[in-house]
Amino acid sequence: MYNKITKITIAFIMIMGIQSCDDYLEILPEGQENSETFFNSEQDYQDALVGVYDLLATTYLNNILGEIASDNSLCGGENPTDVLDWQQIDDMTHTPDNGGLRSIFQWMYAGISRANYIVEFQDNIEFEGKDELLAENLFLRSYYYFELVKFFGDVPMYTDGRITIEESQSIDKTPAADVYAQIEMDLINSIPLLPWQQAQSGRATKGAAWALLGKIYLYQEKFTEAAQAFNEVINSGQYQLVSNFGTIFLNSNENNQESVFEVQHSGTQDGASFGCFQCIEGNPAVGFMGPRFQGGDFSPYGSGFSFNIPVQAVVDLYQAGDTRLAATVLDINAFVASNSDVTFTEGSEHTGYFNLKYIPYADDNVLPDPNINRSNNYRAIRYADVLLMAAEANLRAPTAIANPQTFLDAIRDRAFGDTNNRIPATLENVLAERRRELAGEGHRFFDQVRTGQTSTIPGFTPGKNELFPIPRIEIELAGNRWEQNAGY
């Protein structure tokens, strides 16, 4: 598996293929192998778990929309109607018929469905390491449910196994608080069974589970519990900040010492197409975000479709001497000025800037289509993110259990390469530092919503746009029993 979680065996594809039907629930094609005859060996369970990991590749869409919906970037593209679903989210004019939102809804439930297959048949046989496998499975299911709650709030929750179409029409939406309670419990139960380190890159660890649990607490404003969870990660000694910020997002530096949880991508496998993004093994967001190069030697970068365009306000965030700017934003005009033969086409909403953290590289070995099948891993949870969340949690908890100044200092010292640019660890400063540190990584919109800083998002309507609409067709398929989110 190229030492990454990237492949699904043929047998399990037969069982757990992505939905082609008009429902988020998975229906087995008649006559194909089914789960009752599948879970009869350790290898069957391992293959099934890889199937659950595989849906992480679809979260590229969650991450790119987390920036486009925020004040960090504009949608971009070739013209104002290029990928209209994304354009609408950028403008805050999206409706329940938005295809991008439906894809997120379907793909996250596909991951949950795959996890629930394993849960349903978890007692079939015993084998060494089974408890750890089941713990990884619950971590992944928690990750998918957290994504759903972030986007949609109250969502239907099922945890025990497969659900028939008939049952889907009798299930109500579950309050977000109850979904959070379930994934809290799942993570708490999983943590003792997970190792701190895995031999295979991309698999869930104890640190990843603690960090995700802390983030879930933070989103619920359970600040003491969040601080305690982040302390477990910090005090473990398993993670360190990469000394040179500019190297964190290089393909050659994947799964580094700062990676708490990283979604693995491979650009060397067939199957991806514009008609089947769920078949992806690569990271299509990367190709979408590259400049529209036309000619000349534009190495080390590759060309793309000019989406997710950073705005001037992001560039202006960084002080002189902050090394993060040069590693976060590509100034295309400066690049062309020093590479006189390079030409490019300006896309829609052109600002002159591109997301350098997830830019395509010319030497990336990608098949069959480099525009959508790049191999850049997604750094889902970085240690820097944990430190800043820990600083915030301790500042907002009734009683701090750790010194937030220490965490903020570590981030600032790395950014400037010295100790001369430290600032007081106030809540305002920590939240501003999150924006500087994590720009372009897909967290900004949800940080703005949970901290009440949405006034700078163009077109944002309070009381409505904190959540995205439940896809209309999913409500109809559920027998119109789900109430739509407010304002839609």
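**Close-up views of a predicted model**

**View 1. Phe261 and its contacts.** Leaving out neighbours within four places in sequence, Phe261 is in contact with Leu56, Phe139, Leu140, Tyr143, Gly202, Ala204, Ala208, Tyr378, Arg379, Ala380 and Ile381. Contact here means heavy atoms within 4.5 Å. This is a predicted model, in which local features need pLDDT of at least 70 and side-chain atom pairs count only at pLDDT 80 or more, while totals for chains, interfaces and linings use all residues. Residues are numbered from 1 along each chain as its sequence is written, and side-chain values use heavy atoms, with hydrogens and water left out.

**View 2. The nonpolar cores.** A nonpolar core is a set of buried Ala, Val, Leu, Ile, Met, Phe, Trp, Tyr and Cys residues joined through side-chain atoms within 4.5 Å. Buried means under 20% relative accessible area, exposed means over 50%, and partly exposed lies in between (1.4 Å probe, protein chains only). The largest core has 122 residues, and Phe152 and Phe261 have the most contacts inside it. Helix H6 gives the most to this core, with 13 residues. A second, separate core has 14 residues, among them Phe298, Ile309, Phe335 and Tyr361. Helices (H or I, at least four residues) and strands (E, at least two) are DSSP runs, numbered from the N terminus.

**View 3. Helix H18 and its cover.** Of the 8 residues in helix H18 (444-451), 7 are buried. These are Arg444, Phe445, Phe446, Asp447, Gln448, Arg450 and Thr451. Their cover includes helix H3 (60-68), helix H6 (130-152), helix H9 (206-219), helix H15 (383-396) and helix H17 (427-438). After H18 comes Gly452, with a positive phi near 70°.

**View 4. Aromatic pairs.** Rings of Phe, Tyr and Trp (its six-membered ring) pair if their centres lie within 6.5 Å; planes under 30 degrees apart count as stacked, over 60 as edge-to-face and the rest as tilted. By this rule there are 34 aromatic pairs. Phe146 and Tyr180 form a tilted pair, because their ring centres are 6.4 Å apart and their planes are at 50°. Phe146 lies in helix H6 and Tyr180 in helix H8 (residues 176-190), so this pair ties together parts that are 34 residues apart in sequence. Both Phe146 and Tyr180 are buried. Phe151 and Phe446 form an edge-to-face pair, because their centres are 5.0 Å apart and their planes are at 65°. With Phe151 in helix H6 and Phe446 in helix H18, the pair ties together parts that are 295 residues apart in sequence. Phe151 and Phe446 are buried. One aromatic cluster includes Phe151, Phe152, Phe445 and Phe446.

**View 5. Charges over rings.** A charge sits over a ring if NZ of Lys or CZ of Arg is within 6 Å of the ring centre and within 35 degrees of the ring normal. Lys150 lies over the face of Phe446, at 4.4 Å from the ring centre. The charged end of Arg450 sits over the ring of Tyr219, 5.4 Å from its centre.

**View 6. Backbone details.** Ser299 and Pro300 are joined by a cis peptide bond, with omega about 15°. Pro300 is in the loop between strand S3 (292-295) and strand S4 (307-310). Asn255 is not a glycine, yet its phi is positive, about 55°. Asn255 is found in the loop between helix H10 (223-235) and strand S2 (259-263), and is partly exposed, with a relative accessible area of 29%.
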